[in-house]
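Here are some friendly notes to read alongside the model. Keep the structure open and look up each place as you go.

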Amino acid sequence: MNRFVYLFVLLPGLVQAGSLDREREAWVIQARQGQLAQAAAGLDALYRRSGDGRVLDDLIAVQIWRQDRAAALASCEPCEFKPISNDSLETLARAARDLGRYPLAISYYRILQGRDPANRNGWLGLFLTASDQGNQELARRAAEEYDARFGRDRAILDARIYAARRAEDPMGELLARQQWLALEPGNGEQVLALYRVAVSLGAGPAAVDLMDRYPELFTAVDRLWLDYYQAVNLLRISTRLADPAQARDALTRTLALQEGILARAPRDHQIYLGARRDEVVTLVALGEFARAEQASAALQAEGPLPDYVLEARADALAGLGRVDEASDLYEALATPTRARDKALLEKRFYAYSDGERYGAAQGLLAGW
């Protein structure tokens with residue numbers, strides 16, 4: 001073909017492409033200036049008119065920028081059939097995960113893995129999404145695939161710690177932190193984190209071993225966590241003991257540990273506040289209602305109480321015969337999620353009865 005004729009045929013397409021790029025860039029500039037809604041609407045209209053992949057990439061980026069994940073997903077769904085970049089596909093997979101659309105997120109991460117096998121985020125994202133979904137088998141396979149391709153690194157260990165915490169699996173977190181410490185023996189942050197997980201599990205020897213191996217990392221307060229979690233475990237055990245003498249012995253030891261922490265911990269440290277709150281529960285269990293009421297009143301004056309401390313305060317008030325105050329607290333605790341809690345129902349019933357509020361007690365009994 002004559003080169004002049006060829007240029008004549010090609011020229012309209014080149015002009016159209018140049019015009020499209022200029023319009024696309026104009027909307028992107030508008031987005032950078034903070035006019036996100038207008039830019040999103042303009043890019044959406046431009047994409048519907050042109051079907052251009054670069055326009056779609058910019059539209060997805062602007063929708064995410066304005067924190068509208070649903071709109072970003074809707075802009076191209078089903079996105080696997082649209083000309084989007086790998087970066088946009090990864091962005092949409094994360095958006096789907098954030099919105100709880102786990103099957104969609106998994107499918108996008110799988111597509112990303114096929115397109116770009118060297119992209120660690122495709123494999124890591126699949127693991128995190130499966131963990132969020134509660135699909136432990138898929139999460140396990142995804143983690144194994146990641147390890148096989150990229151080796152055990154910070155990213156997968158951090159993801160495993162996240163997943164273990166989300167699943168309330170302290171043993172899983174302990175294992176991941178041990179692996180991290182094997183990877184980075186000098187990582188002080190991981191030493192302290194591993195120590196706290198170990199003491200929360202009652203693994204005293206492992207915690208002591210860490211303190212002996214890394215003495216320079218532990219302050220006097222850090223060492224108190226061992227006593228703190230020992231007290232937590234003793235308090236838990238005391239509720240399961242059938243022998244009253246054994247239960248009281250466990251509670252007495254719990255209180256001694258808590259008092260030791262309160263004597264040694266800085267007042268602005270979280271362990272001090274935790275020990276004060278737990279002490280209220282222990283005092284109630286020991287029947288020391290006056291001390292428990294005074295301690296809980298002091299805590300309440302400093303800010304709202306967690307439900308377990310509020311319930312212990314109500315128990316102390318009931319034990320002191322201040323049943324109307326106790327009833328008010330029990331009623332506040334009877335949220336929809338605890339409306340059928342047998343232990344709380346019993347406490348409310350006896351508080352009403354002791355306060356001679358027989359109508360309220362009968363109504364509660366009838367509903368029960």
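1. Start where two helices meet: Leu 273, Arg 276, Arg 277, Glu 279, Val 280, Leu 283 and Val 284 in H15 touch Phe 289, Arg 291, Ala 292, Ala 295, Ser 296, Ala 298, Leu 299 and Glu 302 in H16. Contact here means heavy atoms within 4.5 Å. The residues of this contact divide into nine nonpolar, one polar and five charged. Ala, Val, Leu, Ile, Met, Phe, Trp, Tyr, Cys and Pro count as nonpolar, Asp, Glu, Lys and Arg as charged, and the others, Gly among them, as polar.

2. A word on the source: this is a predicted model, where local features need pLDDT of at least 70 and side-chain atom pairs count only at pLDDT 80 or more, while totals for chains, interfaces and linings use all residues. Residues are numbered from 1 along each chain as its sequence is written, and side-chain values use heavy atoms, leaving out hydrogens and water.

3. Now the geometry. Helix H15 (residues 270–285) packs against helix H16 (residues 289–302) at an angle of about 150°, with the axes 8 Å apart. That makes H15 roughly antiparallel to H16 (an angle over 145 degrees). Helices are DSSP runs of H or I with at least four residues, numbered from the N terminus. Axes are lines fitted to C-alpha atoms over the stretch in contact, and angles run from 0 to 180 degrees between N-to-C directions. H15 passes H16 in a left-handed crossing, in which the near helix is turned anticlockwise from the far one by less than a right angle.

4. Next, look at H13 and helix H14 (residues 244–264), whose axes come within 9 Å and cross at roughly 155°. H13 and H14 are therefore roughly antiparallel to each other. Their contact includes Leu 224, Asp 227 and Tyr 228 of H13 and Leu 257, Ile 261 and Arg 264 of H14. The residues of this contact divide into ten nonpolar, four polar and three charged. The crossing of H13 and H14 is left-handed.

5. Zoom in on Asp 227, which lies in helix H13 (residues 220–238). Is Asp 227 buried or exposed? Asp 227 is buried, at a relative accessible area of 18% (buried means under 20%, with a 1.4 Å probe and protein chains only). Beyond neighbours within four places in sequence, Asp 227 contacts Leu 257, Ile 261 and Arg 264.

6. Finally, find Ala 93 in helix H5 (residues 86–98). Ala 93 is buried, with a relative accessible area of 0%. Setting aside neighbours within four places in sequence, Ala 93 contacts Ala 105, Tyr 108 and Tyr 109. Ala 93 and Tyr 108 are 15 residues apart in sequence, yet 5.3 Å apart in space, C-alpha to C-alpha.

Technical notes:
Buried means under 20% relative accessible area, exposed over 50%, partly exposed in between (1.4 Å probe, protein chains only). Angles under 35 degrees count as roughly parallel, over 145 as roughly antiparallel, 65 to 115 as roughly perpendicular and the rest as oblique.
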